[in-house]
Amino acid sequence: MGEKKEKEKEKSKKQKHKHPNDEKAPKTTSDFTFKPISDVKGLRFGGQFIVKSFTIRRAKPLELHRLLSLPPPPSTNTVNSNITSTTAYLPTNFTILAHHAWHTLTLGLGTKKSKVVLFVFESEQMKLSIDPVWPTEIPLGEVNKKMIRGLKGTEMARFKFRKGCITFYVYAVRKIGDLGFGCAEDLKLILQSVVALKDFFDHTAMLAMPNQRSINYSTNGNGSLAINHH
């Protein structure tokens, strides 16, 4: 009897003390909370208003795969080879350098964390209709007003992940009144990929290099690919 009670106690302890990563697992799409654009939380700056002037730029499709450590699509004709429902914005080179300068000038008090913003639309058609309206480059301080609050007739679900020196903001976007989410698989893939990323310790790897304009794979000595974050 004594052994049985001990086993039951150990079992109850394991159920209570879940691994911290368990809480980071993305929810199913039925659990997502979509809110009107007036209520959804935007980007946060923690009182460091100078960061609002730092800029982000629209990423190319392949850059999104590289950022999320996804294998590059074999061809554009392959089904699901691209995440065609998603528009991503990455820090510009100016922003990366400005973060480092701000951190140095403030003797370590200024943030070095950059922001990456991803919008996952409920359909590729919705993305194609919005992309031409949005700027290719925009100050972080204008994202909330022009891109989030500016999408009239839509509602969003917001997800935020801190990965070392980069904070990821993911917004799922659908029309008001729509049920479910048309591109749920894309959203699931992105959330799982961001959760699986290890922390970025130094985002200078995102700076332009002779053969690298932005976040990219680098080639090590034996010719295989290595990711620019750790």
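Is glutamate 142 buried, partly exposed or exposed? Glutamate 142 is partly exposed, because its relative accessible area is 29% and that class lies between buried (under 20%) and exposed (over 50%), judged with a 1.4 Å probe and protein chains only. Welcome to a short tour of this model! It is a predicted one, where local features need pLDDT of at least 70 and side-chain atom pairs count only at pLDDT 80 or more, while totals for chains, interfaces and linings use all residues. Residues are numbered from 1 along each chain as its sequence is written, and side-chain values use heavy atoms, with hydrogens and water left out.

- Let us begin with strand 7, which covers residues 166-175; strands (E, at least two residues) and helices (H or I, at least four) are DSSP runs numbered from the N terminus.
- Strand 4 (residues 114-121) pairs with strand 7 in the parallel sense, over 8 bridges; two strands count as paired if DSSP finds at least two bridges between them.
- In strand 7, tyrosine 169 has valine 117 standing opposite.
- Strand 6 (residues 154-163) also pairs with strand 7, this time in the antiparallel sense over 10 bridges.
- Isoleucine 166 in strand 7 stands opposite lysine 163.
- Strand 6 and strand 7 make a hairpin with 2 residues between the strands, and here glycine 164 takes a positive phi near 65°.

**Salt bridges**

- The structure holds 4 salt bridges, each being a side-chain nitrogen of Lys or Arg within 4 Å of a carboxyl oxygen of Asp or Glu.
- One of them joins glutamate 155 and arginine 174, whose closest N and O atoms are 2.8 Å apart.
- This pair links distant parts of the chain, with glutamate 155 in strand 6 and arginine 174 in strand 7, 19 residues apart.
- Glutamate 155 counts as buried at 11% relative accessibility, and arginine 174 is buried with a relative accessible area of 12%.
- Another salt bridge brings together the side chains of lysine 127 and aspartate 131 (2.7 Å, N to O), and both residues are buried.
- Our opening residue, glutamate 142, meets lysine 146 in a salt bridge (2.9 Å, N to O).
- Lysine 146 counts as partly exposed, at 49% relative accessibility.

**Loops worth a look**

- Glycine 182 sits in the loop between strand 7 and helix 6 (184-196).
- With 64% relative accessibility, glycine 182 counts as exposed.
- Glycine 182 and serine 123 are 59 residues apart along the chain, yet their C-alpha atoms are separated by 6.0 Å.
- Serine 69 belongs to the loop between helix 2 (61-67) and strand 3 (86-91).
- Phi of serine 69 is near 60°, a positive value in a residue other than glycine.
- Serine 69 counts as partly exposed, at 32% relative accessibility.

**Lysine 35**

- Lysine 35 lies in strand 1 (residues 35-36).
- The relative accessible area of lysine 35 is 36%, so this residue is partly exposed.
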